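Hello,

Here is the structure for you to look over. My notes follow below it.

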Amino acid sequence: MKKIALCVLLAVSAVGCSDGDTSGVAQSDADAWPVKWCLAEPGITTEQLVAIMGPSTSTFPAVVSWSAHQYQFNAFLDPDGTVRQLDINSYSLSDEEKAALQCDEIRTRESKAESAASTTPAAIRPNACALVSEAEMSAILAAAVVAEAIDDSTCVYRATAEVGPIVELSVRWGEGVGAMQGIGMAEQDEPGVASPYTGIGDDAVAVGTGLMIRTGEDLVTILFGGVSDVPAPSAAKNIFDTAKPRMGN
């Protein structure tokens with residue numbers, strides 16, 4: 001109940017009671033938010049979330065929001081700036097827009113871990129950082145990186161230099177088909193949200209700075225930052241080709 005009350009309070013404070021939108025965000029840009037939001041995961045940093053979503057419409061010490069037109073997305077932060085909880089305020093969404101959402105309206109670190117545990121047996125669910133080693137990712141990106149496990153299904157590789165590439169690799173076991181169906185529905189409503197991407201996995205689309213790749217029943221997401229060519233086609237293929245044989249299916 002506390003989560004719901006807080007979300008309602010934020011919705012009122014962020015969008016007010018006006019029928020018009022005063023955010024300055026174009027409708028087409030806001031329409032791309034739902035797909036991008038579901039690429040983000042609890043546990044990433046605020047900077048990584050902004051890299052996925054684009055500039056926020058409001059920022060407070062404990063909450064960052066993207067609010068415009070019929071949409072509102074809220075990220076609740078820990079004191080160190082990492083994302084503790086991701087919420088979608090669906091109050092103003094149509095039934096069709098709600099059905100097209102590719103992720104739960106409330107996601108926390110705990111709910112993400114519980115979801116991963118319930119969809120795939122632990123014996124065939126390797127840690128994401130085990131799919132591509134630090135040395136292998138360094139070779140692929142031509143820059144030294146260190147790996148940080150956000151949780152079992154998400155690994156972030158950061159350049160050891162002050163300025164350099166950053167890659168987030170995540171696996172959502174059993175979610176590949178549903179994610180691609182959701183992308184298809186979003187594309188029907190707003191053409192250009194995602195672009196087909198060939199030559200990698202069983203099915204793939206480019207969304208913003210990353211790729212969503214279906215391989216069998218599973219979904220692999222690769223997000224890039226600090227690289228000149230996104231979503232870095234050759235690097236993406238090398239990352240996927242390295243990770244795929246270790247996924248256990």
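**What is in the model**

The protein has 9 helices and 12 strands. Helices (H or I, at least four residues) and strands (E, at least two) are DSSP runs, numbered from the N terminus. This is a predicted model: local features need pLDDT of at least 70, side-chain atom pairs count only at pLDDT 80 or more, and totals for chains, interfaces and linings use all residues. Residues are numbered from 1 along each chain as its sequence is written, and side-chain values use heavy atoms, with hydrogens and water left out.

**Confidence and overall numbers**

Mean pLDDT (the predictor's confidence in each residue, from 0 to 100) is 83 for the protein. A pLDDT of 70 or more is reached by 86% of the residues. Residues 1–19 have pLDDT below 50. Beyond near neighbours in sequence, that stretch has 18 contacts in the model; a contact means heavy atoms within 4.5 Å.

Of the 249 residues, 48% are buried. Buried means under 20% relative accessible area, exposed over 50%, and partly exposed in between (1.4 Å probe, protein chains only). Among contacts with a separation of 6 or more, 56% are between residues 24 or more positions apart.

**The seven-stranded sheet**

An open sheet is built from 7 strands, with antiparallel pairing. The order is β6-β7-β8-β12-β11-β10-β9. Two strands pair if DSSP finds at least two bridges between them. β6 (145–151) and β9 (195–196) are the edge strands. Each has a single partner strand, so one side of each has no neighbour in the sheet.

β6 pairs with β7 (residues 154–159) in the antiparallel sense, over 6 bridges. Val145 stands opposite Ala159 in β7.

β9 and β10 pair in the antiparallel sense over 2 bridges. They form a hairpin with 6 residues between the strands. Gly199 in that turn has a positive phi of about 85 degrees. Pro196 has Val205 in β10 as its bridge partner. Val205 in turn has Met212 in β11 as a bridge partner. β10 and β11 are antiparallel too, over 5 bridges. Their hairpin has 2 residues between the strands, and Gly208 there takes a positive phi near 60 degrees. β10 (residues 203–207) is mostly covered, with 4 of its 5 residues buried.

Helix α9 (residues 233–243) lies across β8 (166–172), β11 (210–215) and β12 (218–225). α9 runs at about 140 degrees to β12. Axes are lines fitted to C-alpha atoms, for helices over the stretch in contact, and angles run from 0 to 180 degrees between N-to-C directions.

**Other places to look**

Gly174 sits in the loop between β8 and α8 (176–189). At 48% relative accessibility, Gly174 is partly exposed. Leaving out residues up to four places away in sequence, Gly174 touches Glu217 and Asp218. The C-alpha atoms of Gly174 and Glu217 are 4.9 Å apart, though 43 residues separate them along the chain.

Helix α4 (residues 46–53) has Thr46, Gln48, Leu49, Ile52 and Met53 as its buried residues. Seen down the α4 axis, they fall within an arc of 160 degrees, so they line one face of the helix. The arc is that of the directions from the helix axis to the C-beta atoms. Gly54 follows α4, with a positive phi near 95 degrees.

Gln72 is in strand β3 (residues 71–77). Gln72 counts as buried, at 3% relative accessibility.

Best wishes
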